[in-house]
Every structure is written in structure tokens, then in C-alpha cells.
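My entries follow in the order in which I went.

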Amino acid sequence: MKKPERTSVLGTEEHALAMIEDGMTIAIGGFNTASHPMTLVRGIIRKGVRNLTVIGSTIAGLEIDMLIGAGCVKKVVSSSVTGEAAAPIGPFFRMMAEKGEIEVWESDEGILYAMLRAASQGLPFMPWKAGVGTSLPEVNPDLKLFEDPFTGEPLLAVKAMKPEICILHVQQSDDYGLGQHEGSGFGDRALHWAADKTIIQVEKIVPNEEIRKDPLKTSIAYADMVVRASFGAHPFSSPGYYLVDEKHLAEYVEAAEAARKGNWKPWDKYLQYYIMEPKDHIEYLERVGSRQLFSLYEY
Amino acid sequence: MVANDYTHKEFISNYIAQRLQDYDHIFVGANLPVPRTGALLAHFTHAPNMKVSIGLVRANLLNERELEPHKFSTDYRMQRWAEAITVHDNVFEKIRDTITVFFIGGIQVDKFGNTNLIGIGKDYKHLDFRGPGTLGTLSCSYYCDRYYIFVESHSRRLFVDKCDFISVFGHGEGGDHRQRLGLARYNAGPECVITPLCIMDFEPETKRARLKSVHPWSSVDEVVENTGFKLIIPEQVPVTEGPTNEALETIRSRIDLEGLLQ
């Protein structure tokens, strides 16, 4: 009899993108200016996926802004879309929210985690206190006031929203989907637990025995698919690997700001040059250039 | 000795530092240099046991001679100071383990200390200005022991009679509104509002904003002129207390190395 063999979950960009379709609810990891799964985000734009509900990290970065600018997004679920010092408010987020062309699931970080916890635990909603008395339940239909059955005190019911797919950028994994973050991993675990399926893109693939050296470090156990993507969080940072590419982010923000003010040409140019024309991640990196990429190291 | 060659930003950092106590748990972000400096100044001068989260790094920084600033709160180089790392979703499992004192901002602040980070306009679907969003301000300000409203401008556009939207509940419609909603479990609302012109606190009965002190470079008239709601003005309005030479020296030599407060 043939010895049973363990099945690798290693996939390609194409395999991963085949799982992402119009109208899905998709969670996108990372935080603020770090660790967004940009290889897959650019792939989603290139594929022309539409009407997504995107659950960003509790403080989403400009990866969500980019998806909005490319016309992929119907609804944004996050407490904020920001590039910090690079852009305090995502330009496309601001413009499309002001025009009413995207829906915003208004929340704060605590409320967003309460929502994800409800989704993880298969509960219809999770109670949360902060938010009572504010405008949030007036502008977000998934937040409803109710009475604590024990004390009668007003509470907020935060309705669960289940991501069908979660995409994350993780620093390393073996080919069985055992992902290990460098640094904290931000809120990636909460997104992973809430989702039906998780795809991780990684800086490097390591052998299983490397994972077993420090199993406590395994932050995403058994991702459904692993995609190799070194420099895959560019232009954002990837802890232990590279810092934010401030020059590239500035180029993006300038193009997005111009679009917000009515001049779409710089954004069209950015979109074509960096996202639509490269056929895959490697071609994207070639366009950014090795000199630029290798200037992003800590020392 | 009281200094006189401070910048306005150094002055306000020092005011913030004086509000902070030993053993406070505080979160220090990257892109608000004034509160960052205030927190670290307190840590270096009178709060040696302060639990500092700098980005997601937890650290005691007393032995760090100099603290180089970082542009992004996700900058992993801060990890060199770490004695623990916070997994972000864990913060919200028990906020009070990471944050007992907090600073919030706003694009609008009203006379009852309610604040707005959502947007400006009458119609939520078609805002005149889409704000940055609520971030963690709502949950953190509910759970902490003390929170402060900190703004970097002082205008009638910012200080309004009523916020278009409320993202953080201060005193609602005043009086005991906060208690009635069960929101006073951990704190009784904002301690004060720190602006570039003055400090406001809240009148204990009505919970309406009241002028507490004016900064040395400003005046009661200037504050009233630039405030869009009717501020309670006590008979005596003191001048906000300024930094000592020693505090300034600490700011300049150990914390504000890039001169962001100059």
C-alpha cells in the first residue's frame, strides 16, 4: 500500500484570485501602514472584481483606498481608512463616501472586533457598551440598541458579518499553511477566525521543521492556501523585512488626491503602470525596481 | 524654575505631562507629537512606572537616553524597546490592561464635550466633509479612568453648539445624561479640553463647557471670539501653568529630537 502523504496548500496568485468573486465579503489583514496583502489586492484590481464588501483591519490603510479607487468596492467595514502621516484620510475613501458611492459600516475598533467575535462564534450579534448615545446606531443599521435583560441598561447589539475569504500577509509559512508573523500580527488572527477561508501570502516558505522550532509563534494555523510573495506588502512595511516605501506611497497619494480634485490622469497612469500592465507580482516588483526595494531595509 | 522660552507646542506637551500619573497605562501613537511628548515627559519626570504602549510595543523607557521619533505607529523598529508585544485584537478583550488614560480628537467638539470624527454635513449619505472615522476613540474613552479632548486648532468651525454626528459621547445633552445611559462605569466624561488657546473643563451640574484657564499668549476675549458655543466664563480665569526649565530640557534632549514641537 502506498504511504499516505500530506497535501501541500501552496498555490499561485492565479489560484488565489480564482477564489475571489464579485459581490463577496472579504477581510483584508495588516494594519494602517503595515502588512497588507498587496500582491493579492493588486491581483483583485487586475482581475476586475466588483461590488466587494471589504472588512479592513480595525484601522484600515490605503490598500482599501486603492481598491475603492479602482472601483472594486461597494461597502467599507472599518473604523477608519488612513495612511497616517502619508494621508490622514484615504483620498478615494473620502471622495466616494462624500458622494455616497460607497457605503461605510461606521464603527470603532472595539465595535469592529465585537462584530468579528460574533462571526467567529456563530452568534447573531455581540453586545458592546461603548457607542450607546452616539450617532453610530443611527448611521449603521447593523448596530441596534437593546436592553440588558438583567439590568435594563441600554446596550448595543453588533450584528455579525462573516467574511467569506480572509487574505493576509504573513512573514513565513510552510507549505501546509502554518503561518508565523514577525511582530504582533496586528489583528490578523481576529480576521482569520471570523472568516470561512483564509489565504496567506508570505515573504518566504520554510520547511515544516522550521515551523516546529517555535510552534507558539504559529499565529495562523492551517491557512487554506499559501502564496509566495516576497515584498508582497509593498508599498507598506513587513515587520522584520522592510519598511514603508514612503516615496511610493507619496506617488500613490498624489495621484489619488488629484483624482479627488477632478483630475483622474495621474491615477489612471498609476493604475495602468503598477497594477494593470504587470502580469503578476514579479513584474510589479520589476517596475518598482530593485534599487528602490532594497533601499527599504532597516539599516 | 519656570521657563519662558518655550514654544506653544512644548507648553501644551508639558500641560499634558502634568495631567499624567505614575502607573497610568497609556498608548502613545506616532503621528501626534504633542501628546507623545507629554506622555514621555511624564514618564521621564514623575511617572517611572507608567505602562507605555508605543505603537504595539510595551515598554518601560526610563533607561533610554534618547527616544527617536517614528513617522508611522506600525514602525517595527520600536520593537528594540519591547518587553512585551500587544496583539492588537487582544487590546479590545480588556482595554483597561493597555489603556487607563486616553486622548481623543475631533473635527467638531460641542458644549457638552461630545466629539465628532465621522463627518460634517446634514445628510450622512452626502457629507460635506468625510472625517477620518472613529478609530478606537469610542471604546477606549469608555473604558479608561480619565480621558482628555485634545485639538490642534481653536475655531468656531471646530467648537460648535451641537456636533453634526457624535462619535464619542461626552455628556450628551448635559446634566446626568452620561450616568442615565450607564456610560459612567469607568469615568465621568472628559476631564478637560486642551486647545492651542485655553483649557476648558465642564461645570459639575450642567456639564456645560467652562473656561478653566487661558494660555499666556491668549486671552479670554480671543477664546470667546473663536468658540462657536456659549462658554461659561468664571469671574477669575487663571493663566495656564507653564513648563519648568528642567521639563524643557528633557523634551529637547530626550524626546523631541527632530524638533517637531519647535
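Which residues of helix 2 of chain B meet which residues in helix 7 of chain B? I note at the start that the model is predicted.

**Helix 2 and helix 7, chain B**

I listed Thr37(B), Leu40(B), Leu41(B), Phe44(B) and Thr45(B) on the helix 2 side. Facing them in helix 7 of chain B I found Ala247(B), Thr250(B), Ile251(B), Arg254(B) and Ile255(B). By class, I wrote down six nonpolar, three polar and one charged for this contact. Then I looked up the geometry: helix 2 spans residues 33-45 of chain B and helix 7 spans residues 245-255 of chain B, and they pack at an angle of about 110° with their axes 10 Å apart. That angle makes helix 2 of chain B roughly perpendicular to helix 7 of chain B.

**Ile118, chain B**

I looked next at a loop residue. Ile118(B) sits in the loop between strand 7 (115-116) and strand 8 (119-120) of chain B. Is Ile118(B) buried or exposed? I count Ile118(B) as buried, because 29 other C-beta atoms lie within 10 Å and the cut-off for buried is 20 or more.

Leaving out residues up to four places away in sequence, I found that Ile118(B) touches Gly131(B), Thr134(B), Phe165(B) and Ser167(B), and also Glu106(A) and Ser135(A) of the other chain.

**Contact of chain B with chain A**

I then took the contact as a whole. It takes 40 residues from chain B and 46 residues from chain A. On the side of chain B that touches chain A, the elements giving two or more residues are helix 3 (88-91) and helix 4 (137-143) of chain B. Helix 4 of chain B gives the most, with four residues.

**Chain A as a whole**

For chain A I noted twelve helices and 14 strands. Its radius of gyration is 20 Å, close to the 19 Å that the globule rule gives for 299 residues, so I put chain A down as being as compact as a globular protein of that length. The C-alpha trace of chain A spans about 60 × 60 × 35 Å along its principal axes. Buried residues make up 54% of the 299 residues. Of the contacts in chain A with a separation of 6 or more, 72% come from residues 24 or more positions apart.

How many of the ten residues of helix 2 (residues 38-47) of chain A are buried? I counted seven, and I call this helix mostly covered. The buried ones are Met38(A), Thr39(A), Leu40(A), Val41(A), Arg42(A), Gly43(A) and Ile44(A). Just after helix 2 of chain A, Gly48(A) takes a positive phi of about 80°.

Last, I looked up helix 3 (residues 62-69) and helix 4 (residues 91-98) of chain A, which pack at an angle of about 55° with their axes 7 Å apart. They are therefore oblique to each other. Helix 3 of chain A passes helix 4 of chain A in a left-handed crossing. I listed Ile64(A), Asp65(A), Ile68(A) and Gly69(A) from helix 3 of chain A, and Pro91(A), Phe92(A), Phe93(A) and Met96(A) from helix 4 of chain A. By class, this contact has six nonpolar, one polar and one charged residues.

Notes: Residues are numbered from 1 along each chain as its sequence is written. Chains are lettered from A and ligands numbered from 1 in the order in which they are written. This is a predicted model: local features need pLDDT of at least 70, side-chain atom pairs count only at pLDDT 80 or more; totals for chains, interfaces and linings use all residues. Two residues are in contact if their C-beta atoms, placed from the backbone, lie within 7 Å. Axes are lines fitted to C-alpha atoms, for helices over the stretch in contact, and angles run from 0 to 180 degrees between N-to-C directions. Angles under 35 degrees count as roughly parallel, over 145 as roughly antiparallel, 65 to 115 as roughly perpendicular and the rest as oblique. A crossing is left-handed if the near helix is turned anticlockwise from the far one by less than a right angle, and right-handed if clockwise. Ala, Val, Leu, Ile, Met, Phe, Trp, Tyr, Cys and Pro count as nonpolar, Asp, Glu, Lys and Arg as charged, and the others, Gly among them, as polar. A residue is buried if 20 or more other C-beta atoms lie within 10 Å of its own, exposed if 12 or fewer, and partly exposed in between; C-beta atoms are placed from the backbone. The radius of gyration is taken over C-alpha atoms; the globule rule is 2.2 Å times the number of residues to the power 0.38.
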